[in-house]
Amino acid sequence: MQTIQKVRGFQDIYGEDAKKYRYIVNTFRKYFENFNFKEIILPYVEDVSLFKRSVGEETDIVQKEMYVFTDKGGREIALRPEGTASCVRAYIEEKMYAEGGYHKLFYEGAMFRYERPQAGRYRQFHQIGAEIFGASSYIADVELIYMVYSILKELNIDFRLEINTLGDFSSRKVYTENLKYYLKRSEEKLCQDCKRRLETNPLRVLDCKVEGCKEIVKNAPTISDFLLEESKFRFEKIKENLKILSVDFIENSKLVRGLDYYTDTVFEFISQKIGSQGTVAAGGRYDNLVSQLGGPDTPALGFAAGIERLILLVEKLPKDKPLYTVIPLSQDFYTTSLLLSSKMRNLNIKTELILKEGSLKSLLKLANRLNSDYVIFVSQKYELKDMKSGNQEIFLNEENLLEILNSGEKTV
RNA sequence: GAGGAUGUAGCUCAGCAGGCAGAGCACAAGGUUGUGGCCCUUGGGGUCGCGGGUUCAAGUCCCGUCAUCCUCCCCA
C-alpha cells in the first residue's frame, strides 16, 4: 500500500524539537505575563481583503504567497499569512478602544505562506507575537524592544538587534519618491531584482547585496533628511533609553521591512547562524494601520518571532525532572504496580510504568533507553535502583518507599 | 518564480566499467539460570523515492515525476 506523506512545506514537530517549541513558547509567555500582555486567540482564516489592505496589495505575501480559497458561501477567504492584521481587525471589531487606555495583546500559532521550503522556513510555520494599541509614547517602543531582547537573551540565543526609523507616512512617501527619482537615473546599472524593486518597493534597493547596487546606494538620499522633528526625537529617545537598559543594538539606516504598514520605528533580531538573512524576530510601529482598517486613529506597534527559526537556534533545554520507572517483575504484580504508580504521580513524581512484557534484561534495557534516573522493581517487595550508581535498596512495604520518594532523599 | 545538490535497511551512508544489495549504529535473542550501560556471538529487517525508457541484464545509463536540502527572490 502506498503510504501517504505530508504535504510539501508542512511538517511534524516531535521529539526534541517539540520540546524546544514548548520551551520557546513558554519562555515568551512568561515574559508576556510579567509585562502584563493579554492573550488573544485568533482565527486561522480571515477575509482576503484584510490582508490586501494591511500587509499591502503589492507585497509578495499578498501577490503570490497566500493560501486563498472560496468557501461554500462564496466568501473569499485566506489562511492567515501573519498575525498583526487579525489582531488589528479584532481590536477594531471587538471595540476594545471603547474601554479607553491602551491594550497589550499577544498571540501564538500557525501562519501559512505558499513559498519555497528552506531551512527554518515552511508553508505552515508558527509565530508568537505581541501588539500594543493606543500607546504613542516612545516608551512603548523601548519597552517592546526591551522585552523581546530579554526573551532572546533568556533563550540563550546568539543574535544582533538592528533598529531604524522610517518616519511617518507622509515623509516616507516624499522620501520614497526622492529615492526613486535618484535611482531612476542609474537604473541601467541596477541588478534585475532592483529594477523590479524600483517599481514594487524602492526602499528594498537600499538593502541589496549586489556590489553595483551598493555603489549606487552609497550616495542616495537617506531617510534622515526627510524626517519630521517628531520622528527624529522619537528615534533619539528610543536609542538613549535602550542604552540605559543595556540593550545592545546596531543602527542600520538601510533596514526596511517588507510589510507596507510600518511607520517610524522598525527593528529586527537577526542571527547569523541561520540562512535567509537570519531574521528570527522583527517588528515596528504602525500608527496608521488601525485607522486604515476602519478603526479610530490609534497608534500601535508590535513584533512577531518565528518559532521554527528559534528552534534551530536553541541549544540547551532546561533540565527534566528525574524519571522513575516502575517494572513489575511478573503479571502478578501489575495491580500493585498500577497502584504504586498512581500514588507516585499524585506526589508529583514523574513516573513511567513499563507497559510491555519481556525478560528482565530487556525491560531494564528499555528503562535505560528511557533515560530513567531510578527504577523500582515490584514484587512482594520493592527494590529502588539508582541507575547512575547501580545501587539498590529494598523496601518491604509501599509506605516506606513512598516516604523516601516524597522526601526527595535518595539514599541508595 | 530562478539556479544547484540529493533520494539505497529505523538512522548515517557505501556500492556506479551496467552483472547475487552492503557496512556502522539501532533493534531482537543469547553469552550472563529475572538486573541496564562495555564486550562477544547469532538473528530479523529493503518495491534501491515513484513511473516509464534503453539493455540479455538497471540501485547504477536516459526521460518524466514527487520529496528533501542549499543559493536567490521574499519574509518571521
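**Strand pairing and cores**

Guide: Two strands pair if DSSP finds at least two bridges between them. Here four bridges join β12 to strand β13 (residues 350-353), and the two run parallel. Helices (H or I, at least four residues) and strands (E, at least two) are DSSP runs, numbered from the N terminus. This is a predicted model: local features need pLDDT of at least 70, side-chain atom pairs count only at pLDDT 80 or more, and totals for chains, interfaces and linings use all residues. Residues are numbered from 1 along each chain as its sequence is written, and chains are lettered from A and ligands numbered from 1 in the order in which they are written.

Visitor: Which residue of β13 does Y324 stand opposite?

Guide: Y324 faces T351. On β14 (residues 374-378), which is parallel to β12 and joined to it by five bridges, V375 stands opposite T325.

Visitor: Why is β12 largely enclosed?

Guide: A residue is buried if 20 or more other C-beta atoms lie within 10 Å of its own, exposed if 12 or fewer, and partly exposed in between, with C-beta atoms placed from the backbone. Five of the six residues of β12 (residues 323-328) are buried, so the rest of the structure largely encloses this strand.

Visitor: How do I read a nonpolar core?

Guide: It is a set of buried Ala, Val, Leu, Ile, Met, Phe, Trp, Tyr and Cys residues joined through C-beta atoms within 7 Å. The largest has 75 residues, and V148, L152, A281, F303, A305 and L310 touch the most other members. Helix α5 (residues 138-154) gives the most to this core, nine residues. Apart from it lies another core of 16 residues, including V326 and Y374.
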